[in-house]
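Here is my note on the chain, point by point.

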Amino acid sequence: MASRCWRWWGWSAWPRTRPPPAGSTPSFRHHLSTQEKTLQICVVGSGPAGFYTAQHLLKQHPQAHVDIYEKQPVPFGLVRFGVAPDHPEVKNVINTFTQTAHSGRCAFWGNVEVGRDVTVPELREAYHAVVLSYGAEDHRALEIPGEELPGVCSARAFVGWYNGLPENRELEPDLSGDTAVILGQGNVALDVARILLTPPEHLERTDITKAALGVLRQSRVKTVWLVGRRGPLQVAFTIKELREMIQLPGARPILDPADFLGLQDKIKEVPRPRKRLTELLLRAATEKPGPEQAARRAPASRAWGLRFFRSPQQVLPSPDGRRAAGVRLAVTRLEGVGEATRAVPTGDMEDLPCGLVLSSVGFKSRPVDPSVPFDSKLGVIPNVEGRVMDVPGLYCSGWVKRGPTGVIATTMTDSFLTGQMLLQDLKAGLLPSGPRPGYAAIQALLSSRGVRPVSFSDWEKLDAEEVARGQGTGKPREKLVDPQEMLRLLGH
């Protein structure tokens, strides 16, 4: 079976005994043989997982054709909508993804929502293999009373708001209070704290949206608390993000030296990255700032602090019950050792007043289609090394495969691995043999349903428009945030 399967993909000519279609011409025969050799692959999602999966397949298989479907009219997923506006260097990976999209064997189809505009079974019928790489587009709920009050929102929605994610463009966070509380101590929590406290003039030349910059200019937030259930040794952020916070202009850290007692001895045993991170925290908490840092902090009108050993129990309402006015926290202590360390309540409580509560306790994926297995507890598609369990020819990569952890480089490695598994299955004869129509079949379905896909060249027109709009104000771009406006600009 395997050798025959390889023949389909052009490693040897198709057996000459097969008669050509009646009345066929040489050019038709050539077209047919080219179509027979093409490995048609569909990738759902155009963030890092989708593009890295496509990149690997195109590089490793000379006759693969990859179609990337995306529900937004624009590509790049969390690189566009998740990476902070003051981290432009992280967005340079877009150049690599653009090269992939420019390949003659790759196509991008935006404005197509899989599960609504086209189903996964329809994609599986049209392609030899389907890879789900659509990320984690939901947030984990706090599941505490008061979470639904105005003044409470997810850090994910807040990030989407300042980064121009269409679904969050009308968020309107209330920054009229002097204190914000972020529940969580990961990189997203630090990103949000940094954006809240960065002087707006420092954001003027980034790609932050015009609307967000306007709201941040009016912000009265002076203090941001980042709350975690465990201690300094268990924080989830990385050293780069911590260093940025410590050096943030016009802001000073508030760290309680008591939280760090005995830590010096404990960090001798931990891995080097964790050790360096904790040492930096220790210095910030216990050492007197040097002359340069002291001079920078002297006029600081804003502050940020880490509250350890605190677990949120309730969002407290204002006296009229109409909005959030604080968070009730259970004081915790640690039990267990190493990775198994967990926070248990001591019985003590404290209230932390604030005007804004942002939950940053993790992202989670959503099920995309009833035909695809989904573990709602873990928020992932059940899989073995990227092969979706019990569904041959269906794969997954990125956060929907392993959960929302790691950085872009982690996703690259993970996506390459899924690509390898797919090609191994092809070699073993486990994928459908014979030609598949690919996008031609899906295009007909979308057309019949009134869906107008956005191509990569369409995106490049929108990209040029964004860059032109940003030039007047010295920004790298002014993001378009309304899908209807995007489609109008394209004449759709």
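1. Surface. The chain exposes about 22800 Å², and carbon and sulfur atoms supply 52% of that area. Accessible areas come from the Shrake-Rupley method with a 1.4 Å probe; for residues, only the protein chains shown count as cover.

2. Basis. The model is predicted: local features need pLDDT of at least 70, side-chain atom pairs count only at pLDDT 80 or more, and totals for chains, interfaces and linings use all residues. Residues are numbered from 1 along each chain as its sequence is written, and side-chain values use heavy atoms, with hydrogens and water left out.

3. Overall form. The C-alpha trace spans about 85 × 55 × 45 Å along its principal axes.

4. Fold content. The chain has 18 helices and 18 strands. These are DSSP runs numbered from the N terminus: helices are H or I, at least four residues, and strands are E, at least two.

5. Of the 492 residues, 51% count as buried (under 20% relative accessible area; exposed is over 50%, partly exposed in between; 1.4 Å probe, protein chains only). Among contacts (heavy atoms within 4.5 Å) between residues at least 6 apart in sequence, 74% join residues at least 24 apart.

6. Aromatic pairs. The count is 16. Rings of Phe, Tyr and Trp (its six-membered ring) pair if their centres lie within 6.5 Å; planes under 30 degrees apart are stacked, over 60 edge-to-face, the rest tilted. F76 and W459 pair edge-to-face, at 5.9 Å between centres and 85° between planes. F76 lies in the loop between strand 2 (64-69) and helix 4 (77-81), and W459 in helix 17 (residues 456-471), so the pair ties together parts 383 residues apart in sequence. Both F76 and W459 are buried.

7. A local pair. F158 and W161 are tilted: 5.3 Å centre to centre, 45° between the planes. They are 3 residues apart in helix 7 (residues 155-163), so about one helical turn separates them. F158 and W161 are both buried.

8. Charges over rings. Which ring lies under the charged end of R307? That of W225, with its centre 4.7 Å away. The charged end of R156 sits over the ring of F363, 5.4 Å from its centre. The rule: NZ of Lys or CZ of Arg within 6 Å of the ring centre and within 35 degrees of the ring normal.
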